[in-house]
Amino acid sequence: MNRPPGRRLHEFNHVSLCVKYMIFLLNFIFWLFGGLLIGIGLYAFVDKWQATGLVKVETVYDVILNISLVMIFAGGVIFVVSFAGCVGALRENTCLLKFYSLCLLVFFLLEMAIAIMGFVFPHTMQSILEERLSDQIIHMYREDADLQNFIDFAQQEFRCCGLSSEGYMDWSKNEYFNCSSPSVEKCGVPFSCCMNATDISSGLVNIMCGYGVQERSVAEASKLVWASGCIEVVRSWAERNLYFIAGVALGVALSQLLVIYLAKTLEGQIELQKSRWHS
């Protein structure tokens, strides 16, 4: 582009290199992270496809509870949005910057809506999760190895069993752990529910430690497995660490607002420079 005669170059230098490359570097990191999520998700999906020959995707719950598909979707969103931020900042493209800042604003509003619902109506959120997801997760425990590993990890880390307020009795809804099942696991719960699943001397996991627990009284079962549901345990943990969670949420929100501000600032600087070049 030819510079208008009689004007010096510094009169048109209105784009901050600091803001420009800060946005570029930040989004380049997230762009790589998004690509990594897509790669891991695709690997897990293909591995599951080759192992089972079938990946069930019939309802929205099949997608939400399929960890590999969730990783692919989340990675794709991060990849596209951060790519728009990278290229928009580097090439000083206002259309891409507008798309980028709009996406961040939408993410911010969704996060705020979820956070407000969680803080103001915790019991309502718990009821919604129990009613909409608990049965589906319990049913799919043996059908998806990734989901099974995730549930086992959560139950061991949070010291809980099942999801809803029914606690360990949730597992009666699973076809393998139901008392009418012909399986050897009938009336049992997963080993991850057990208080002492790992033998200290040998270091081996006793996968049979939860067998027959559903046939015992609550008092007896509570001595062998964690009796409370995971949703209630997580909610109680969140209430005990409310200030910490609020601090983290506030930090994330302020960071997002700062990035949106930087993107809009860069966009305004580019528009101003273009207008001066054409004036």
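**Exercise 1.** Is C187 buried or exposed?

*Solution.* Start with the ground rules: this is a predicted model, where local features need pLDDT of at least 70, side-chain atom pairs count only at pLDDT 80 or more, and totals for chains, interfaces and linings use all residues. Residues are numbered from 1 along each chain as its sequence is written, and side-chain values use heavy atoms, leaving out hydrogens and water. Next, take the cut-offs: buried means under 20% relative accessible area, exposed over 50%, and partly exposed in between (1.4 Å probe, protein chains only). C187 has a relative accessible area of 4%, so this cysteine is buried. Its disulfide partner is C179, which counts as partly exposed at 40%.

**Exercise 2.** Find how C160 and C230 are linked, and where they sit.

*Solution.* First, apply the test for a disulfide: a pair of cysteine sulfur atoms within 2.5 Å. The sulfur atoms of C160 and C230 are 1.9 Å apart, and the two form a disulfide. Then look at the chain: C160 lies in the loop between α6 (145-158) and α7 (218-221), while C230 belongs to helix α8 (residues 230-240), 70 residues away. Helices here are DSSP runs (H or I, at least four residues), numbered from the N terminus. Finally, check burial: C160 is buried at 0%, and C230 is buried at 7%.

Methods: Helix = DSSP H or I, 4+ residues; strand = E, 2+ residues; numbered from the N terminus.
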